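Colleague: I have a model open and would like to learn how to read it. Can we go through it feature by feature?

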Amino acid sequence: MTEFLEAANTSPVGGSAAVSTALAEELLGLVQAVEGVHSVYPAQPLWQSIAGAALAAVTGEKLPLIGLVETGDTLAVKVRIGVSASHPAPAVTREAAGAIRRHLLPRAAVVEISVVQLGS
């Protein structure tokens, strides 16, 4: 499920890496708890982020599994998941997006969830 967001005046969440890391970890737990989600992949694929791939290779740090960007009053959340074959992918993505939105209430959020693997 994708909800599009115009890219303008974007900045990391809350301006603090610790705050965005903590929120990303909370959201990761929510997504992993959704029935049918078997994996969560880095929010930005390595091939789309040359700098991120180079940094990860040099430092050994993993790329974030939940992408967070604040645009004005709205928080954009990007998640890439794998869905079990026994669950319909659209229902799983709707449930995961709903869980994220409920967790972030009353804050406005645009949630983009991509299914990058089916089965397993």
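Colleague: Leaving aside neighbours within four places in sequence, which residues is Val77 in contact with?

Modeller: Contact means heavy atoms within 4.5 Å. By that rule Val77 is in contact with Leu27, Ile66, Gly67, Leu68, Ile100, Leu104, Val110, Val111 and Glu112, leaving aside neighbours within four places in sequence. Two ground rules before we go on. This is a predicted model, where local features need pLDDT of at least 70 and side-chain atom pairs count only at pLDDT 80 or more, while totals for chains, interfaces and linings use all residues. Residues are numbered from 1 along each chain as its sequence is written, and side-chain values use heavy atoms, with hydrogens and water left out.

Colleague: What is the overall pattern of the chain along the sequence?

Modeller: Start with the elements. Helices (H or I, at least four residues) and strands (E, at least two) are DSSP runs, numbered from the N terminus. This chain has 3 helices and 5 strands. Their order along the sequence is β-α-β-α-β-β-α-β. Of the contacts between residues at least 6 apart in sequence, 75% join residues at least 24 apart.

Colleague: Is Val77 buried or exposed?

Modeller: Burial is read from relative accessible area. Buried means under 20%, exposed over 50%, and partly exposed in between (1.4 Å probe, protein chains only). Val77 sits in strand E4. It counts as buried because its relative accessibility is 2%. Across the chain, buried residues make up 37% of the 120 residues.

Colleague: Which residues touch the most other members of the largest nonpolar core?

Modeller: A nonpolar core is a set of buried Ala, Val, Leu, Ile, Met, Phe, Trp, Tyr and Cys residues joined through side-chain atoms within 4.5 Å. The largest one here has 24 residues, and Ile66, Val77, Val79 and Ile81 touch the most other members. Two or more residues each come from helix H1 (17–33), strand E2 (37–41), strand E3 (66–71), strand E4 (74–83), helix H3 (89–104) and strand E5 (108–118). H3 gives the most, with 6 residues. Now take Ile66. Not counting residues up to four places away in sequence, Ile66 touches Ala24, Leu27, Leu28, Val31, Ala43, Val77, Lys78 and Val79.

Colleague: In what sense do E3 and E4 pair?

Modeller: Two strands pair if DSSP finds at least two bridges between them. E3 and E4 pair in the antiparallel sense, over 6 bridges. As for cover, 5 of the 6 residues of E3 are buried.

Colleague: How many salt bridges are there?

Modeller: Side chains of opposite charge can pair when their charged atoms come close. The rule is a side-chain nitrogen of Lys or Arg within 4 Å of a carboxyl oxygen of Asp or Glu. That gives 2 salt bridges. In one, Glu70 meets Arg107 at 2.6 Å, N to O. This pair links distant parts of the chain, with Glu70 in strand E3 and Arg107 in the loop between H3 and E5, 37 residues apart. Glu70 counts as buried because its relative accessibility is 19%. Arg107, at 28%, is partly exposed. Glu95 and Arg102 form another salt bridge, with their closest N and O atoms 3.4 Å apart. Glu95 is partly exposed at 41%, and Arg102 is exposed at 52%.

Colleague: Why does the length of H3 agree with its residue count?

Modeller: The expected span of a helix is 1.5 Å times one less than its number of residues. H3 has 16 residues, so it should span 22 Å, and its end C-alpha atoms are 23 Å apart, which agrees. Buried residues in H3 include Ala89, Val92, Ala96, Ile100 and Leu104.

Colleague: Where does Ser84 lie?

Modeller: Ser84 is in the loop between E4 and H3. It counts as buried because its relative accessibility is 16%. Beyond its neighbours within four places in sequence, Ser84 is in contact with Gly36, His38, Gly119 and Ser120.
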